[in-house]
Amino acid sequence: MSTLHFAPRVPVIDANVCVGDAHTGPSPCRNRQQLFDEMDFHGIERAVVYHIQTEEISPVDGNHQLEDWLDDDRLIPQWSVLPTDDSIEQIQRLYREKRVSSLRLHHTRPAGLPFCTWGYDVLLDWLSDTGIPLWIPLTENDPTELVTTLREFPGVRVVFVGAHYTHALLVRPLLKTLPDAFLELSRYEPIGEIEALAARFGAHRLIYGSWYPRYAMGPMLFYLHHTRLTDEELADVCAGNVRKLLGIG
Amino acid sequence: MIDGCRVIDFHGHVGRWDRYGMKDDPGLMLRAMDAAGIDVSCLFTIFHPDGTTGNDLSAGFIARHPDRFVGFAYVSPMMPERMIAELERAIDTLRFVAIKLYPPYTPRPFHAAPWHPIYEFADARGLAVIFHTDQYPTNRPRFLEDIAPLYPRANFVAGHSGNVEEARVEAIAAARKYPNVYLETCSTYRTPGVIEQLVNEAGADRVLFGSDIPLMDPRPQIGKIVTARISDEAKRLVLGANAARLLRGVERTS
């Protein structure tokens, strides 16, 4: 039953939050405390965060900038990576320091490198060996490349981020073809599809993320709380699944 | 119903758009509406340029659940000879309650002359007209400033409130200038702070909840309103009271 006031009834980890100012304008949250205030308003306990500088400019520099946002508990760092020696070395150093629970793919297609085995094999082999999951924005990547390449690395777990109703024809075949793929739900609004995907593939493959500040934190969380997911499934989608993926408590 | 507030969704569709997973399954739509607390959805069919085909499809769909759906009439200036007769049929015979227009399907910005017979009709009947609005040349919300003052008895609704910031500021400016301009909220762009901006800058009495059902599930769209930093009174206005006022005299929404 809806009311004019919403608060989640399960613990929530937002699996997709971007920090830092964009060139198009400053973020609504300019510092960690403001981000915590926003999370508190929506009842979100923790968030997986990456830095916006990693999206268009530099994963290496953006990962350094992310350090300024981190605290001991509420913000879980997500480091961005591309298949260059210095980017992979940076990630491997962070991994040796036990600070890597997930990575985010930097989009290399604009620079001429598709998501392909001959370009990404070193990175994907490492991800397969370590079990570190990789967040992949569906908005930026060619689905044929994703399927063709990821099929060659069946041990790599991926989270497809930002699926939209314009991806409605892709999502089910992707989840069927790549059994180690998960779907982050920030933009996924085809009617009734979250319940349908849970029924077809299992709620264990669905992950709440907001992609704040592109999108507000509350609406998808409200949606999830007004579906026919069981309380156990809701708890898994809102936090349990990402906890297991990241290997965190 | 949400906390005693009757909820009216001002923006919904009949029809299929297969490549985007849109299907007008009434069971699916009603389940989502019930889960979200939506009492009535306003529906229209934009996929047929003659107007008649789509309006008949809408009427047939609505007839199966007349307590939950109401119809808006769709016409296109690409078939001008059909427009007024079809509007008369839709309002008087099919008992539709407002008008929906979709400028992206035409090469004509919606303040251009071919659209005006529709506005004259709406003005004469005191009807609301909802447009798709965004940043593209035929759909700019600033065109409302050219139309609204000419037809003061009609109410003009910027569907999606322009969708993106550059067009949203136009929509808000038009609503601030003219009392018969309204802003509707459905959008795939669920940017933080937009609902607050619409309410704070145009006024809570000028904002209408919409979802784009069944292209989009209504639950995140209503979540935008419920989780916004606006007062309870503003939420009630946005969620249904404003729509009921615009659609006054229509027995299904009273």
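Predicted model: local features only at pLDDT ≥ 70, side-chain atom pairs only at ≥ 80, totals over all residues.
A residue counts as buried if 20 or more other C-beta atoms lie within 10 Å of its own.

The secondary structure of chain A comprises 10 helices and 9 strands. Its radius of gyration is 17 Å, close to the 18 Å that the globule rule gives for 249 residues, so chain A is as compact as a globular protein of that length. The C-alpha trace spans about 50 × 40 × 35 Å along its principal axes. Among contacts in chain A with a separation of 6 or more, 72% join residues 24 or more positions apart.

Helix H10 of chain A covers residues 231–246. It has 16 residues. From first C-alpha to last it reaches 22 Å, close to the 22 Å expected at 1.5 Å a residue. Val237(A) is itself buried. Also buried in H10(A) are Glu233(A), Leu234(A), Asp236(A), Cys238(A), Ala239(A), Asn241(A), Val242(A) and Leu245(A).

An α-helix has 3.6 residues a turn, so residues three or four places apart point the same way. The buried residues of H10(A) include Leu234(A), Cys238(A), Asn241(A) and Leu245(A).

The cover over these buried positions includes both strands and helices of chain A. Among the strands are E1 (13–19), E2 (46–51), E8 (181–184) and E9 (206–207). The helices include H8 (193–201) and H9 (218–224). Just after H10(A), Gly247(A) adopts a positive phi of about 70°.

Methods:
Residues numbered from 1 in each chain as written. Chains lettered and ligands numbered in written order. Helix = DSSP H or I, 4+ residues; strand = E, 2+ residues; numbered from the N terminus. Expected span 1.5 Å × (residues − 1). Buried ≥ 20, exposed ≤ 12 C-beta atoms within 10 Å, placed from the backbone. Contact = placed C-beta atoms within 7 Å. Rg over C-alpha atoms; globule rule 2.2 N^0.38 Å.
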